[in-house]
Amino acid sequence: MNILVAGATGAVGRLLVPLLLKEGHQVTGVSRTPEGVERVRRQGASAVQADAFDRDALRRVMAATAPDAVIHQLTALSDADGETTNRLRREGTRNLVDAARSAGVERIVAQSISWAYVPGETPADETEPLDLGAAEPRRGMVEGIRALEETAAEMETCATASCTARVPGTRRAAPWPRPWPATRTRVFSPTSRRISR
């Protein structure tokens, strides 16, 4: 499958690209910097430079690469920059989905968060509401997730809900205190849509 990974040099994207290549996929990684483009190429994938906030650049990338599917890993987690990550979830997702649809791409896998749901005693499933009444800074993160999921749902979507992860090479490589009460994690049903080769 021809897959475009937006955010290919980020906290998750840089780990994902080699896994996709190992599975035999044709991968094009998107990075906003020349250094990131080189990093993706060193992993063995094709690479293009584009900024997720530049709608026209993303449209050109989609038209040129003609992917079968897009994997959305746009965050600023490597820098622990919550505000930029929330903006990427809102504006970057909008730009990415619009660019993909303009190029005839029908499928997207989007990175959500498993702990953005209302507090409760049991794991949350896909029908549970997001914690939209949360106080800041959590509210901004949850609003970003809401925008990401709603926008990605305009396409054939599989939202992956990552847990709080310790990703090597980021500021999140070690445990950190949470500024909010413990929340429920999301559990996906066996009928969640998946993209296959």
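**The pocket and its surroundings**

Modeller: Happy to. The residues lining the second largest pocket divide into 13 nonpolar, 10 polar and 5 charged. Please keep in mind that the model is a predicted one. The volume of this second largest pocket is about 510 Å³. Its lining is made up of 28 residues, and the closest to the centre are Gly7, Thr9, Gly10, Arg32 and Thr75.

Which elements each supply at least two residues of that lining? They are β2 (26–31), α2 (34–42) and α4. Of the elements, α4 gives the most to the lining of the second largest pocket, with 3 residues.

Start with β2. This strand pairs with strand β3 (residues 46–49) in the parallel sense, over 4 bridges. One place to look is Ser31, whose bridge partner in β3 is Gln49.

On one pairing, strand β1 (residues 2–6) and β4 run in the parallel sense over 4 bridges, and Ile3 stands opposite Ala69 in β4. On another pairing, 4 bridges join β4 to strand β5 (residues 107–113), and these two run parallel. Here Ala69 stands opposite Arg107 in β5. The chain crosses from β4 through α4 to β5, and this β-α-β crossover is right-handed.

Let us stay with α4 for a moment and turn to its side chains. Arg94 forms a salt bridge with Asp98, and their closest N and O atoms are 2.9 Å apart. Where do the two residues sit relative to each other in the helix? Both belong to helix α4 (residues 82–102), and because they are 4 residues apart, about one helical turn separates Arg94 and Asp98. Are the two partners buried or partly exposed? Arg94 has a relative accessibility of 25%, so Arg94 counts as partly exposed. Asp98, at 18% relative accessibility, counts as buried, because the limit for buried is under 20%.

Glu150 forms a salt bridge with Arg146, with the closest N and O atoms 3.0 Å apart. Glu150 and Arg146 both lie in helix α5 (residues 138–152), 4 residues apart, which is about one turn of the helix. Glu150 counts as partly exposed at 47% relative accessibility, and Arg146 is partly exposed too, with a relative accessible area of 27%. Salt bridges that share partners also join Arg55, Arg94, Asp98, Arg101 and Glu154 into one network, and that brings us back to the Arg94 and Asp98 pair of α4.

One further pair is worth a look. Arg138 forms a salt bridge with Asp131, the closest N and O atoms lying 3.0 Å apart. Arg138 counts as buried at 4% relative accessibility, and Asp131 counts as buried at 12%. In total, the structure holds 9 salt bridges.

Finally, two details of the backbone in the loops. Where is the proline of the cis peptide bond between Glu136 and Pro137? Pro137 lies in the loop between β5 and α5, and the omega of the cis bond that joins Glu136 to Pro137 is about 10°. The other detail is Ala66, in the loop between α3 (55–65) and β4. The phi of Ala66 is near 45°, a positive value in a residue other than glycine. At 49% relative accessibility, Ala66 counts as partly exposed, because exposed requires over 50%.

Technical notes. Residues numbered from 1 in each chain as written. Predicted model: local features only at pLDDT ≥ 70, side-chain atom pairs only at ≥ 80, totals over all residues. Heavy atoms only, no water. Salt bridge = Lys/Arg side-chain N within 4 Å of Asp/Glu carboxyl O. Buried < 20%, exposed > 50% of the residue type's maximum accessible area, 1.4 Å probe, protein only. 1 Å grid on protein atoms, 1.4 Å probe; cavity = no way out; pocket = protein on both sides within 12 Å on 5 of 7 lines; lining within 4 Å. Points joined across faces, edges and corners; volume = space filled by probe spheres on them. Nonpolar A, V, L, I, M, F, W, Y, C, P; charged D, E, K, R; others polar. Pairing = 2+ DSSP bridges. Right-handed = clockwise from strand over helix to strand, strands pointing away.
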